[in-house]
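Here are my notes on the model, point by point. Please read them with the structure open.

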Amino acid sequence: MSAGAQENFPTGGAGVASPRVAHGPLGRILGGGGDDGGRRRPFGGIKNVFFLLLLTGISILALYPFVWLISASLKPQGDVFDNRLIPQEWQWNYTGDPTPVPGDEKLFALPDTPVLSWMFNSVWIGLLAALLVAMSSAVVAFAFAYFRFPGRNALFALILATMMLPGAVTMIPVYLIWNEISLLTGETGRLAFLPDIGVNTQYPLWVPNLFGSAFYIFLMRQFFLGIPRDLFEAARIDGDGYFSMFRRIALPLAKPALIVVFIFELQAKWFDLMTPLIYLRDSALYTLPLGLKTILDAQGAGGGGEGRWEIIMAGTVVTVLPMVILFAIFQRYFIEGIATQGRKG
Amino acid sequence: MASVASTETAGPLQGARRRLSGFRERETWTAYLFILPWVIGFLALTAGPMVASLYFSFTDYGVQQIAGFEETSRVGLENYRTLLEDPKIATSLKNTFVYTLMTVPAKMMVALGLAMILARIAFAAGFFRTVFYLPDITPPVAIGIMILVLFNGSFGVVNRALELVGIPGPYWTTDPSWIKPSLAIMSVWTVGGTMVIYLAALKAVPQHLYEAASMDGAGPWRRFFNVTLPMISPALFFTFIVLTIAGLQTFTEVYTAYFGQGSTGAESPDAALMNVVYLFRQAFEFFNMGFASAMAWLLFAIIMAITAIQFVVSRRFVFYQGGDKR
Amino acid sequence: MLSRWRRTGLVLAVAALCAVVGTSVASAKPSQGAAVQSHTLNIYGLGGRDDVAQGRLDVANAVIRGLGHSVNNPVGGFNDQAFLARLAARDIPDLVHMGRGSIGTYAARGVLAPLEGCFRAEGINKNEYRKAALAEVTYKGKVYGAPEFTNQITIIVNNDAAQKAGVNVADIQTTNWKRLKQANKKLLNIDSSGRLTRIGFDPKIPEFFPLWVKWFGKDMISKDGLKAQLNSREAVAALAYTVGLINDHGGWNKFKAFRDTWDFFGRNNQVAADQVGAWPMESFYYNVLAEGNRVNITAKYFTNRKGGPITMISGNAWAIPKGSKNPGLACKYIKALQADSSWLKVAKERFDLRKRQGRAFTGLYTAKTTADVKIYEDIYQPMGNRDFDDAVSLLVRAPRYAFAIPLSPASSEFRQAWIDAINRVLEGRQTPRQALDQAQREAQAAIDKAK
């Protein structure tokens, strides 16, 4: 009895064998057989207003810490934690030391903080990692969704199993593996033709994404399971190879799912602190959260710093804002991309 | 597809022959090729460490051993025996289960509710979608402050609001009976990711199904149970599994709020001690790595069992539109 | 719209570009130097780089460079996971900087090297350090850290609150517990709707619990660190008393909920806002008070039952890990960082800086008796605010009266045991005796296991 039995359920709905099956890709992918892009009739009149009010109320809750954060980043040092949403006194903390003592400006210039480098690192590592994991996870997931082969269920169970062991206990062994790789590569290693890969470099931050990730493989497998096999059969009959079938049919249909994976991973990488903390030594290589942490260490009250919370808050906003903007742009695309796709043909 | 159909109509012998010849099929080898990336990564970066941590769970692995100043010596089942004896293990597991039981259904229901409303709002939908996703990307420092401010038992907004409707609010952040609910609420607050997945699933349910149901006289609840739920069941299934696994391993939020540098470090309420938090403490504060590894594998076994149960139970409820075998 | 092929190609090209550009920028390494004998001193764990730190770093860096070597000292606080990872990879830093509590744990696990040899070689007189600071980093008779800073605890009294409550400041003291309890009751304020609006005397438990036990002259663990003494009669009494002080406010929940609303580091802090009567606090807080809105305070010692001052200190220290490749250089670095001359230099610079900024200089407390005294005598000048000047003179002498909890093979577990016990009592789940009995069992078991 294979997991394939799950796919065997007689579906009550239409849209499987119908010609309208080509529409609403994400819909089918997630189990529906969308034929109109899933556009529901919007609420009428009173209901609309009621729900809008409800949503607005919830939005306030969702927005509160953000507003607090932005407001804290615009306050002078003594007011940061004063629990007021609107600053009593405004101070711009984003570009350099806001309250330099004349003649002492250099003294409190934040030491060793190549913020632009950090931003650049976070951007390219995030983009690369997200792209790689989306592609690799899609490829692997497709195999589990489409092909029948021995060991399929066992392998899928193994993939899921990798999500079940807390990362804390594998952290050091993984680090040791990268350390071994460091010793083998670079100028002094036996594989000297390779550049220096391993600890103290940024490779450990994105190379694992070449191999897919259990979470996204699971996600994409669900999506692929929703694509009717007829589409693939049609292509196979036309003489298409497996990989080109994957590339020409499965991937385009899964585009919204790929974007979901891309956004989730980009966001996860952007805010990841642990991995850069352990692997990076040179501050020019740091990512934004790690850089922010060094500022926190240097300027927080306990660390012998001056307790310049307002600068820390400004740094936090700088870290968070790009993700907000990114999501605001992309979410429209993939949610409404379904409607667009649905209208086609 | 056609070949599978013929399997069902042909005799069992033919099916058996198909399975046995699996290794010679081109399909099989192509499948293995597709999976190759994951396998390489697994063998290179995951398998070794997993086996290593299993090995360490049978040793006295600690700081001296890590640094190479002392040999790692095997201690047999001692770590596992301690697992049974340490009352904090039982406490942490209990806390983790209760927390997961609270948070997973709550998150799924709230996410689904929000998604359903958002799917039908005619105005400013994009804005709300972004806003509800914001909590997922709010840094812990801001969340920690928010908890202390909003959920303050005496002066917080939440309790003041409750007062308005005559309910005396509890001391969310200090009363042990209310700590887990407050953690669960914080978790539900970050519902954006789940909501986004459900939103996509909902948008894909074909309109005509609803119309057909209405024509048959089904009211909104019937439509919900008989059309919406089945059609989005793959998404529900996915989030059910993933949220449970995440809930059982919950660490960051709890640690930041009650155990880490965000708090004064002197409050460590037993009620908030989650399994992975205790694991982290054993590994990186007490440096009992071997014991921590044993804890990890215990949790692994538990999660594996629960996930397997979830798969079996969900079999009856999940419909995949595209994968039918007719 | 680009054709599908072109789009795919574009995506792949972008990915490749990212990888190439990123890694080439990142891995551009300066060519290796040719000097054969030049070593690099690798330092790990110094996060804060304020003027007091940087000034001394400049001195120490100059010493090392003067010998023809170089220093690698990246900004970043000490982190256990990162340190463990480096140990595992045998990439051991030459010199580490961490909290003195952590030094105890690592020393007990054999990760650090004793410093006696280093002190002898560089002529560092270990008796110049505050006794209690040294005790914090001494394990089985050997010293494993060179301490910095003391953060000594004194009692800060809010004179305005005392006056409003009609309490004599002299009654806000810790020798006579009965009088303190009465003062607490008068100082605290609960408004008409039942909300706490001023805390009377905050005993600061669990954090400062050892002080309250020391009031009896009793320690929480034996001097050799092998026998926990958490459920002694005195410890139970201390816990019962301090919990009683908190319960007089209406219970822990109310107490903590109110305390969480304080603008702790801000201009409108709890003293300026009349939200507290008195409480024991570390020395750095006087800075916060001096820079906030105007306050009237009295600094007092925490006194034991006989009336003698006691205090606790905490702070950081420098240590040399076992396996350090440059222990000699590391030792020279420590000497330069902590020489009295270095401390005096940065103290003077800070004093001048504060003067230019128009802010108060509340002294520098270095964990070295000699440096503290010299700074106070030569550099410190009265601020013209009697409250703070008196406070400073108290702070300078306080570390003399400090005690330290002896290190044990399981210091982290030991500490966690009594912290958990106190939390259980505060939550109302156990009596002091039950909680401390349990803590005693847990702590002793951990120590026995780790021996």
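**Notes on helix packing, sheets and backbone**

1. Start where chains A and C meet. Helix H5 (residues 171-184) of chain A packs on helix H3 (residues 80-88) of chain C at about 50°, and their axes are 9 Å apart. H5(A) and H3(C) are therefore oblique to each other. The crossing of H5(A) past H3(C) is right-handed. On H5(A) the contact uses Met171(A), Ile172(A), Tyr175(A) and Leu176(A); on H3(C) it uses Gln81(C), Leu84(C), Ala85(C) and Ala88(C). By class, the residues of this contact of H5(A) with H3(C) are 7 nonpolar, 1 polar and no charged.

2. Some ground rules. This is a predicted model: local features need pLDDT of at least 70, side-chain atom pairs count only at pLDDT 80 or more, and totals for chains, interfaces and linings use all residues. Residues are numbered from 1 along each chain as its sequence is written, with chains lettered from A and ligands numbered from 1 in the order in which they are written.

3. Terms for the helices. Helices (H or I, at least four residues) and strands (E, at least two) are DSSP runs, numbered from the N terminus. Axes are lines fitted to C-alpha atoms, for helices over the stretch in contact, and angles run from 0 to 180 degrees between N-to-C directions. Angles under 35 degrees count as roughly parallel, over 145 as roughly antiparallel, 65 to 115 as roughly perpendicular and the rest as oblique. A crossing is left-handed if the near helix is turned anticlockwise from the far one by less than a right angle, and right-handed if clockwise. Contact means C-beta atoms, placed from the backbone, within 7 Å. Ala, Val, Leu, Ile, Met, Phe, Trp, Tyr, Cys and Pro count as nonpolar, Asp, Glu, Lys and Arg as charged, and the others, Gly among them, as polar.

4. Now a helix pair inside chain C. Helix H2 (residues 51-66) and helix H14 (residues 340-357) of chain C pack at about 140°, with axes 9 Å apart. H2(C) and H14(C) are therefore oblique to each other. H2(C) passes H14(C) in a right-handed crossing. Asp51(C), Val52(C), Gly55(C), Arg56(C) and Val59(C) of H2(C) meet Ser342(C), Lys345(C), Val346(C), Glu349(C), Arg350(C) and Leu353(C) of H14(C). The residues in this contact of H2(C) with H14(C) are 4 nonpolar, 2 polar and 5 charged.

5. One open sheet of chain C has 5 strands, in the order S2-S1-S3-S14-S6, with mixed pairing (two strands pair if DSSP finds at least two bridges between them). Its edge strands are S2 (70-72) and S6 (146-148) of chain C, each pairing on one side only. The twist averages 20° from one strand to the next. Strand S1 (residues 40-44) of chain C runs parallel to S2(C), joined by 3 bridges. Leu41(C) stands opposite Val71(C) in S2(C).

6. Another open sheet of 5 strands in chain C runs S8-S9-S10-S7-S11, also with mixed pairing. Strands S8 (189-190) and S11 (297-300) of chain C are at the edges with a single partner strand each, so one side of each has no neighbour in the sheet. Strands S7 (residues 153-158) and S10 (residues 276-282) of chain C run antiparallel, joined by 5 bridges. Ile156(C) stands opposite Trp279(C) in S10(C). Helix H16 (residues 386-397) of chain C lies across S7 and S11 of chain C, at about 10° to S11(C).

7. Check two backbone spots. Most residues other than glycine have a negative phi, and most peptide bonds are trans. Arg90(C), not a glycine, has a positive phi of about 55°. Arg90(C) sits in the loop between H3 and strand S3 (95-99) of chain C. Ile205(C) and Pro206(C) are joined by a cis peptide bond, with omega about 5°. Pro206(C) lies in the loop between strand S9 (196-201) and helix H9 (209-214) of chain C.

Technical notes:
Two residues are in contact if their C-beta atoms, placed from the backbone, lie within 7 Å.
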